[in-house]
Amino acid sequence: MEINWGLIWPIIALQAVLAVTALVSLTKAETEQIRGPKWMWVLIILLGNILGSVAYFIGGRRAS
Amino acid sequence: MSMFWIHFKKEMLEAARSYKWIWVPAVFLLLGVMQPVMMYYLPDILMMSGDIPPEAAALITVPPPEEILASTLSQFSTIGLLVLVLSAMNTVAGERSNGTAELVLPRISSVLPMMIAKWAAMMSLLILSFVLGYAGSAYYTSQLIGTLEWGPMLGAGAFYIAWLAWIVTLVLPLGAVLRGPAAAFIALGSAAALTMLASLLPSHLQWSPGRLSAIATECLTGGDPSAWAPAVSAVCFMALSTIAATLLLKRRPLLPQA
């Protein structure tokens, strides 16, 4: 099977954008604003693909 | 009117600070783009897994382009809708904790502009995300599988936006009385219930806004559904929700919750 990488790289790039945005938001936030330890969220964002980042954006931060 | 703009700008700023303008469109774009790619490679992947007899594998073919776009819509109605509702859940309920409510509520005349501004901000995010995801999916589908016709595609998109919009709007009145997560789950639950009812009793619920997602799919796959009643009722529904949210906020002032 021939994989056309021209098709795949936009998907990888988008995932990267999502993960980087989540990580930037995580590093900028104060520790008290984050539910649970920060390193846990780093693992979730890096290992959880789309859902990891989405979980962080929805559940990771306390309402200000 | 100026009150509206003040609140609208505030909503936009808040959304930008919480990176909503990046991550929600990114999720929709990913969902939209992945669907055609996945469907395109599915027969190959199944073949490579090797557990399927060749006769069965021959039955699995790439579906026509309209069906792929329709399956993208069904992705949007699960994960996409969940993301939209959850990201919107704190727009009203969150005002309790951060104190805007105390500033705004003494002047009752400013509650309605605030609600409308919140609604408009939610809709901008929704429309941007959906259009990006849908366009991405349509582009990939037409490149990989076959050409799509503009007419049904745009029609289906418009009905689908109406469907997403009325469900997300439910969060406003619910958020005025409940906490954020509770509001989100009740909104999703009642949307699911209405949509299921509409598909069980189609003749009794011609006007139900729950039919809009089915109408969008039908539009794509070549039907010509008569859809004005659900679309109009969705618009009425949104107006009612916004007004109800305003009244509920007035009657039950937002007290800071512990």
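Predicted model: local features only at pLDDT ≥ 70, side-chain atom pairs only at ≥ 80, totals over all residues.
Local features are drawn from residues with pLDDT of at least 70, and side-chain atom pairs count only at pLDDT 80 or more, while totals for chains, interfaces and linings use all residues. Residues are numbered from 1 along each chain as its sequence is written, chains are lettered from A and ligands numbered from 1 in the order in which they are written, and side-chain values use heavy atoms, with hydrogens and water left out.

View 1. An unreviewed UniProt entry places the feature "transmembrane region" at residues 21-42, 73-94, 115-137, 157-178, 185-207 and 227-249 of chain B. UniProt positions follow the numbering used here, feature names are shortened, and annotations may be inferred rather than shown by experiment. Residues 73-94 of chain B are 95% helix and 0% strand, and their end C-alpha atoms are 30 Å apart. Residues 115-137 of chain B are 100% helix and 0% strand, with end C-alpha atoms 33 Å apart. Helices (H or I, at least four residues) and strands (E, at least two) are DSSP runs, numbered from the N terminus.

View 2. UniProt, in an unreviewed entry, puts "transmembrane region" at residues 6-27 and 39-58 of chain A. Residues 6-27 of chain A are 100% helix and 0% strand, and the end C-alpha atoms lie 32 Å apart. Residues 39-58 of chain A are 95% helix and 0% strand, yet here the end C-alpha atoms lie 17 Å apart. The unreviewed UniProt entry also gives "domain: Cardiolipin synthase N-terminal" at residues 17-61 of chain A. That span is 76% helix and 0% strand, with 19 Å between its end C-alpha atoms.

**View 3. The interface between chain B and chain A.** Chain B contributes 20 residues to the contact and chain A contributes 24. Contact means heavy atoms within 4.5 Å. The buried area is about 2,000 Å², and carbon and sulfur atoms give 82% of this area. Buried area is the accessible area (1.4 Å probe) that two parts lose on being put together, summed over both. Between the chains there are zero salt bridges. One residue pair is in polar contact, with both residues at pLDDT 80 or more. A polar contact is a pair of N or O atoms within 3.5 Å; within protein, one must be able to donate a hydrogen and the other to accept it, and residues adjacent in sequence count only if both atoms are side-chain atoms. On the side of chain B that touches chain A, α2 (20-49), α4 (65-88), α5 (90-98) and α7 (111-144) each supply at least two residues. The largest share, twelve residues, comes from α2(B). This side of chain B divides into 16 nonpolar, three polar and one charged residue. Ala, Val, Leu, Ile, Met, Phe, Trp, Tyr, Cys and Pro count as nonpolar, Asp, Glu, Lys and Arg as charged, and the others, Gly among them, as polar.

View 4. Thr21(A) sits in helix α1 (residues 5-28) of chain A. Thr21(A) is buried at 7% relative accessibility. Buried means under 20% relative accessible area, exposed over 50%, partly exposed in between (1.4 Å probe, protein chains only). Beyond neighbours within four places in sequence, Thr21(A) contacts Phe57(A), Tyr19(B) and Ile22(B). Tyr19(B) lies in the loop between α1 (2-17) and α2 of chain B. Tyr19(B) is buried, at 16% relative accessible area. Its phi is positive, about 60 degrees, although Tyr19(B) is not a glycine. Most residues other than glycine have a negative phi.

**View 5. Asn49(A), with a positive phi.** Phi of Asn49(A) is near 50 degrees. Asn49(A) belongs to helix α3 (residues 49-60) of chain A. At 49% relative accessibility, Asn49(A) is partly exposed.

**View 6. A salt-bridge network in chain B.** Lys10(B), Glu11(B), Glu14(B) and Lys118(B) are linked by salt bridges. A salt bridge is a side-chain nitrogen of Lys or Arg within 4 Å of a carboxyl oxygen of Asp or Glu. Glu11(B) pairs with Lys118(B), with the closest N and O atoms 2.7 Å apart. This pair links distant parts of the chain, helix α1 and helix α7 of chain B, 107 residues apart. Glu11(B) is buried at 7% relative accessibility, and Lys118(B) is buried at 1%. Glu11(B) also bridges to Lys10(B) at 3.4 Å. Lys10(B) meets Glu14(B) at 3.6 Å, N to O.
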